Amino acid sequence: MSLNKIFRNTLLIVFASILLSACATKQSGKMQGDVYTGKDTVEYLASGVPDRVFFATNETVLTTASRETLRKQASWLRKNSKINVVLEGHADERGTREYNLALGERRANAAKDYLMTYGISGNRISVISYGKERPVDSGSNPLAWSKNRRSVTVKAN
Amino acid sequence: MKNFFYIYLTVIFLTFTNKSFALIEVDITRGNLNPLPMAVSPLSVEKESKDKFKDQLNLNDIGLEISKVIENNLRQSGLFNPLDQKAFLQKPNIAHVKPRFEDWALIKAQALITGEVKFANDRLRVEFRLWDILAGKEILALAFTTVPENWRRVGHIITDKVYERLTGEKGYFDTRIIYVAEEGLKTNRIKKLAIMDQDGFNTKYLTLGNELVLTPRFNPTNQMVTYLSYFKNLPRVYLLDIETGIQEVVGDFPGMTFAPRFSPDGKKIIMSFAKDGNSDIYTMDLDNRVVEKITNHPSIDTSPSYSPDGKFICFNSDRSGYQQIYVMRSDGSKVKRISFGNGLYGTPVWSPRGDLIAFTKLHKGKFYIGVMRTDGTGERLLTENYYQEAPSWSPNGRVLIFYRETKSDSKGKGFSAKLWSIDLTGYNEKMVNTETDASDPSWSSLLSD
């Protein structure tokens with residue numbers, strides 16, 4: 001089953017990369033497609049290591065930029081082996097509460113799986129979903145929603 | 001001891017009523033644009049009793065106050081039009097004994113409610129009569145005795161009896177709503193469990209707001225509530241005894257449990273459990289704590305709701321790629337997708353009558369509350385808005401309560417969350433009064449039945 005899942009996720013990632021490269025020309029300010037690409041809300045775990053990755057509407061697939069961010073996090077975590085992290089998964093406000101809780105959990109786990117692929121032990125990573133309960137931007141507009149669809153890596157100790 | 005939920009109303013007498021010849025009938029199956037004109041006379045109270053209640057309850061005229069509770073219920077239902085008490089010609093005490101039907105017909109009342117309130121042995125005794133003005137006779141008479149503090153409930157019970165007599169269906173007025181009271185910034189909302197009477201009175205807060213709480217739902221006897229709490233930052237399904245205030249985690253799951261509801265017999269809690277990016281539906285038996293996995297699918301399966309006979313479960317899944325509504329047998333077999341319209345579907349909830357499933361639909365950036373038959377046919381959208389979700393049925397299956405959020409500007413201003421109700425007919429859409437912002441409403445069953 002987990003093999004199946006990995007296979008499925010890989011397929012999705014490949015598919016998403018194709019999609020993204022296809023729309024790469026459609027840059028609109030701080031969003032690519034509807035994935036946030038700006039830095040307004042980003043904090044840093046260490047110099048050059050952003051703490052969060054962003055998702056498209058209703059999606060849990062990691063974008064190319066997200067994977068780059070997570071690889072940086074992984075290498076930082078490898079160097080700081082005593083630090084554990086919590087991945088906080090979030091959704092935007094344009095979805096039903098219960099489904100969004102599940103969606104946030106899935107997003108955080110997508111990030112967790114990727115960190116594990118880069119050698120970080122699952123024991124060092126815990127996951128929590130806030131669904132749509134803790135937006136970082138309180139606006140009701142596509143840009144705000146894109147900032148809120150996120151998985152944030154937070155130091156647990 | 002004052003018991004929050006056990007309130008015994010003794011029916012003292014029931015005069016002879018002749019149902020078969022009643023002339024008034026109210027059809028509640030379609031939108032009612034001509035609500036029935038009714039007169040709710042202030043209930044009469046003789047001076048001695050009035051003074052006793054004034055001392056105890058701080059009410060100037062308990063008879064008038066109870067009549068206002070009834071009036072407000074009738075008006076809110078959209079089916080009745082309570083007439084202005086200033087136009088009434090007869091004194092309450094005389095009307096209760098022998099109404100002059102011509103006087104009431106003159107102000108166009110088709111039905112009349114009269115009553116009498118007494119303070120007897122430290123208790124509140126209320127007697128009421130329902131009169132058919134055109135037929136010129138009494139069609140219902142009942143009396144109740146309870147503790148004085150329950151005076152509003154007496155008004156609700158009288159409304160239920162009148163509603164049932166005139167529509168042929170059970171009422172929904174002696175009920176409570178449990179919901180999430182909200183305050184503060186959108187980015188750091190404070191949420192508390194709150195409970196209130198169906199008409200917005202007697203609000204009580206059940207949690208302090210120290211941790212995030214979501215999606216409370218009553219058990220069938222309305223004594224327990226299951227909900228999601230982020231206590232210690234571990235999102236888990238909890239069980240709360242409303243009377244004792246005792247809370248406990250449901251089950252021992254190594255991850256987030258959410259979207260809980262009771263089974264119709266109250267013996268199980270059904271909920272989602274999320275692990276490794278996958279949410280499935282589980283039940284836990286509250287007696288023997290046995291946990292059963294009901295769905296087993298790599299997609300998100302959530303928002304389960306039992307059919308009233310407990311044989312089926314409707315739920316929300318994105319196994320087709322997007323959120324849709326599915327129905328299965330309660331053991332998890334025979335899963336069948338039932339929503340096929342344009343858009344996304346969520347929060348399915350089975351009607352207490354068994355024939356319909358209410359849902360939230362998202363289509364082209366708008367949110368709808370709608371209903372469909374349990375096989376997915378006959379989809380009907382009742383209301384459209386910027387954001388609304390999570391319908392909950394009135395116990396008679398005639399009204400839905402849900403919450404609605406407004407759009408905020410880029411600084412988060414303009415945001416509000418309120419409870420709204422709408423009839424199954426799509427008419428009578430109304431905001432439900434709450435002390436604070438509110439979301440995630442859940443309607444109790446009738447408290448006295």
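Which residue takes a positive phi in the hairpin of E6(B) and E7(B)? The section on hairpins gives the residue.

## The model and its numbering

This is a predicted model, in which local features need pLDDT of at least 70, side-chain atom pairs count only at pLDDT 80 or more, and totals for chains, interfaces and linings use all residues. Residues are numbered from 1 along each chain as its sequence is written, while chains are lettered from A and ligands numbered from 1 in the order in which they are written.

## Chain A

Chain A has four helices and nine strands. Here helices (H or I, at least four residues) and strands (E, at least two) are DSSP runs, numbered from the N terminus. Read from the N terminus on, the elements of chain A follow the order α-β-β-β-β-β-β-α-β-α-β-α-β.

Of its 157 residues, 45% count as buried. A residue is buried if 20 or more other C-beta atoms lie within 10 Å of its own, exposed if 12 or fewer, and partly exposed in between, with C-beta atoms placed from the backbone. Among the contacts in chain A with a separation of 6 or more, 69% come from residues 24 or more positions apart. Two residues are in contact if their C-beta atoms, placed from the backbone, lie within 7 Å.

## Where chain A meets chain B

Chain A gives 23 residues to the contact and chain B gives 34 residues. On the side of chain A, helix H3 (97-117) and strand E8 (125-131) are the elements that give two or more residues. H3(A) supplies the largest share, 10 residues.

By class, this side of chain A has nine nonpolar, seven polar and seven charged residues. Ala, Val, Leu, Ile, Met, Phe, Trp, Tyr, Cys and Pro count as nonpolar, Asp, Glu, Lys and Arg as charged, and the others, Gly among them, as polar.

## Two domains in chain B

Chain B is divided into domain 1 (10-167) and domain 2 (176-443); such bounds come from an automatic or database domain assignment. The C-alpha centres of the two domains of chain B lie 35 Å apart. Nine residues of domain 1 and 11 residues of domain 2 take part in the contact between them. On the side of domain 1, helix H2 (residues 62-77) of chain B gives the largest share, three residues. That side has one nonpolar, six polar and two charged residues by class.

## An open sheet and its hairpins

In chain B, four strands form an open sheet in the order E10-E9-E8-E31, with antiparallel pairing. Strand E10 (204-205) and strand E31 (437-443) of chain B are at the edges with a single partner strand each, so one side of each has no neighbour in the sheet. Two strands pair if DSSP finds at least two bridges between them. E8(B), residues 176-183, is joined to E31(B) by five bridges and to E9(B) by eight bridges. Val180(B) has a bridge partner in both: Ser439(B) in E31(B) and Leu193(B) in E9(B). Strand E9 (residues 190-197) of chain B is mostly covered, as six of its eight residues are buried. E9(B) also pairs with E10(B) over two bridges, where Ala194(B) stands opposite Tyr205(B).

The hairpin of E8(B) and E9(B) has six residues between the strands, and Gly184(B) takes a positive phi near 90° there. In the hairpin of E9(B) and E10(B), Gly200(B) has a positive phi near 95°. Strands E6 (residues 123-132) and E7 (residues 137-146) of chain B run antiparallel and are joined by nine bridges. Their hairpin has four residues between the strands, and Gly136(B) takes a positive phi near 70°.

## Nonpolar cores

A nonpolar core is a set of buried Ala, Val, Leu, Ile, Met, Phe, Trp, Tyr and Cys residues joined through C-beta atoms within 7 Å. The largest has 119 residues, of which Ile66(B), Ile357(B), Ala358(B) and Leu400(B) touch the most other members. Helix H5 (residues 151-167) of chain B gives the most to this core, seven residues. Both domain 1 and domain 2 of chain B give residues to this core, so it lies between them.

Not counting residues up to four places away in sequence, the residues that Leu400(B) touches include Ala358(B), Ile369(B) and Trp393(B). A second, separate core of 19 residues includes Tyr36(A), Leu115(A), Ile120(A) and Val127(A).
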